[in-house]
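Subject: Structure handover

Hello,

The structure we discussed is below, with the sequence. My notes on it follow.

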Amino acid sequence: MRTGRRRSRGIKTFRFLFRMKKKLIILFLIIIAFLILMIGRLAYVELKSGDRFEKIVLSQQEYSSNTIPFRRGDIVDRKGTVLATSTDVYNVILDCSVITSKEKYLEPTMAALEACFQEDQLEVTYSEIRSYISENPGRRYFVVARKLPYEEVDAFQEMADEDANIKGIWFEKEYIREYPYGSLGSAVIGYMADGNVGIGGIEDSYNDTLNGVDGRQYGYLNSDSNYEINIKNAVNGETVVSTIDANLQSIAEEKMKDFYDRLTDNFRQGGGASHISVLMMDPNTAEVLAMANYPSYDYTIQPNENLSRFYKEEQIASMTEEEKSAAIEALKQNFSITYTYEPGSTAKPFTVACGLDTGTITEDMTFYCDGYEKIADRTIHCINRNGHGEETVSGALEDSCNDALMQMSYRIGAKNFSKYQQLFNFGLRTNIDLPGESRTNTLIYHEDQLTAINLATNSFGQNFNVTMIQLASAYCSVVNGGNYYLPHMVRKLEDERGNTVEEIRPTLLKRTISEGTSDLLCGYLKATVEEGTAKIAKVDGYSMCGKTGTAEKYVLDEKGNATSVRDTENNLVSFIGSVPANNPKVVIYAIVDEPNVDDQAHSNYAQNLVREILKESLPYLNIYPDEELTGINENLNVLGEDQSQEQAGQ
């Protein structure tokens with residue numbers, strides 16, 4: 001039985017193995033047949049279509065690609081006036097391979113070139129163009145002329161449209177940056193260097209926004225040997241809508257130039273001042289309406305021409321190249337954010353605000369000014385060395401009394417004073433959206449450094465430094481109810497069709513003082529304009545707040561370091577104010593650094609400048625008179641001279 005069973009199992013195993021072998025043989029034969037078919041197909045394709053595929057490969061070798069440049073976005077003022085724009089220009093490109101493809105193309109094309117373009121517009125002469133075509137018949141890209149306006153290349157294109165034998169010339173588009181109003185707001189706008197790189201101002205801080213993305217034009221031979229072009233369009237840059245009002249900027253710059261020229265003419269030597277700067281802001285948003293500097297730089301003219309606007313020929317001739325470069329760079333500086341200085345008495349409202357807000361000073365307090373304060377071994381004088389006598393808090397600002405302010409500082413103390421300096425952002429950058437803002441953290445005294453004498457001098461604006469944008473932004477918070485907004489230069493961003501991409505709203509950063517303290521300060525500063533040291537700044541018919549400032553400048557040694565001795569002959573005079581007195585709509589801050597006069601230490605120069613700017617600006621801003629006309633300051637000019645007498649003399 002066992003033997004039969006074993007035999008049966010062996011037969012079954014043999015049959016299984018036989019069937020498996022048969023299946024493997026069939027599978028192998030199928031694979032062999034498939035491979036034979038594939039080889040045959042490839043041989044057929046190569047035989048019948050080899051030339052066609054070879055053309056496709058060769059066309060890839062002849063593949064071409066050209067850049068389509070993006071258009072850099074415009075910079076416009078708050079009302080859409082174009083301050084910086086990109087204008088299209090064209091490079092004239094010669095394609096030798098086309099112009100030599102038929103003998104009849106050469107002469108008509110050369111005749112059209114000579115008819116449309118002057119030889120001094122070209123990179124090479126016409127004889128050199130002919131030689132190049134002859135020596136390089138296969139070249140497809142040779143620049144004949146660069147950056148020609150559309151009108152000039154359009155004339156050639158019209159000739160080419162009429163004559164089919166004008167061939168081998170095409171135009172490569174690119175852009176150049178233009179500033180339609182020349183030097184207007186040049187330090188704020190900045191300029192553009194090669195490679196679409198913004199330098200200074202909005203051109204710099206919004207460089208990535210203004211720039212777009214290049215497109216591409218791809219050319220290739222298709223399977224039918226026809227030349228095809230695919231285009232990936234460029235993405236143009238966005239338009240930056242600034243907070244600047246071109247009219248206000250123009251008014252400020254014209255009055256500054258008038259002031260500068262009058263002082264220059266009066267003294268027949270040097271400029272009207274080392275620097276003149278005016279800043280106008282909306283106190284309720286911290287938008288900068290105008291930021292003007294004089295002397296200034298004009299990017300539409302050559303560097304040496306800029307020097308000749310402010311230096312005499314003999315001065316320029318005596319300069320080394322390094323000195324010329326330094327002078328040019330100085331003209332490009334934005335004084336409002338880069339220059340640091342002692343604020344002088346324009347800092348007094350902040351000391352008073354600190355005292356009132358902390359309760360260390362009350363509005364009914366009085367202080368006695370005898371002309372000086374003696375602190376340790378130092379005697380610090382008031383502006384009136386004979387003394388003002390008894391002063392109220394308001395009277396201390398009206399008379400700009402140093403003595404009263406020093407007495408206030410004793411009550412306020414170092415801790416409170418230091419705290420409020422930080423609240424007003426002194427010693428800190430404002431982070432305005434412009435490049436180059438100076439740091440002042442090392443130019444103020446912190447709490448542990450505020451000795452009695454440092455506290456006393458700081459209280460009336462000496463012995464610490466600020467920038468214009470710092471002080472103006474802080475002043476806005478004093479008169480607007482205590483709201484400190486981030487100062488900014490841009491309102492919104494738009495695409496090339498004018499659609500809003502991003503709206504930049506006012507950013508409230510902090511509260512500096514209470515609304516009650518703000519109301520008190522506005523009353524004090526209004527009295528300062530009506531009865532105190534700031535009368536000259538007043539525009540007839542308008543209520544106004546304001547404060548004057550005069551800061552003595554330190555003597556600098558040969559290394560540019562400040563010495564401990566002050567140079568009382570050189571002063572920086574200033575005025576900051578707001579209109580109207582209640583619920584102000586505009587803040588204006590003016591600085592005249594080292595006016596070209598024998599006696600510099602008078603804020604009148606800054607006040608006269610402010611008044612003349614506001615006379616034209618307030619009606620333009622639709623800010624209406626809120627007081628009766630009295631004829632005050634009506635006949636004064638930008639230097640405070642009586643224009644009625646000038647006219648009588650003429």
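Phe 424 lies in the loop between H16 and H17, where helices are DSSP runs (H or I) of at least four residues, strands are E runs of at least two, and both are numbered from the N terminus. The model is a predicted one, in which local features need pLDDT of at least 70 and side-chain atom pairs count only at pLDDT 80 or more, while totals for chains, interfaces and linings use all residues. Residues are numbered from 1 along each chain as its sequence is written, and side-chain values use heavy atoms, with hydrogens and water left out.

Is Phe 424 buried or exposed? Phe 424 counts as buried because its relative accessibility is 1%; buried means under 20% relative accessible area, exposed over 50%, and partly exposed in between, with a 1.4 Å probe and protein chains only. Lys 510 is 86 residues from Phe 424 in sequence, yet the C-alpha to C-alpha distance is 9.4 Å.

Phe 424 also belongs to the lining of the largest cavity, as do Phe 350, Tyr 420 and Ser 459, among others. That cavity holds about 80 Å³ of space. Helices H14, H16 (402-423) and H17 (452-459) each give two or more residues to its lining. On a 1 Å grid over the protein atoms alone, a cavity is a set of points where a 1.4 Å probe fits but cannot get out, a pocket is an open set with protein on both sides within 12 Å along at least five of seven lines, and lining residues have an atom within 4 Å of a point. Points are joined across faces, edges and corners, and a volume is the space filled by probe spheres set on them.

The largest pocket has a volume of about 870 Å³. Its lining has 34 residues, with His 381, Asn 402, Phe 460, Gln 462 and Glu 552 nearest the centre. S21 contributes the most to that lining, six residues.

Lys 348 lies in H14 (residues 348-358). Lys 348 is buried without a salt bridge, and the nearest side chain of opposite charge, Glu 391, is 9.0 Å away. A salt bridge needs a side-chain nitrogen of Lys or Arg within 4 Å of a carboxyl oxygen of Asp or Glu; Lys and Arg count as positive, Asp and Glu as negative, and His and the chain ends are not counted.

Regards
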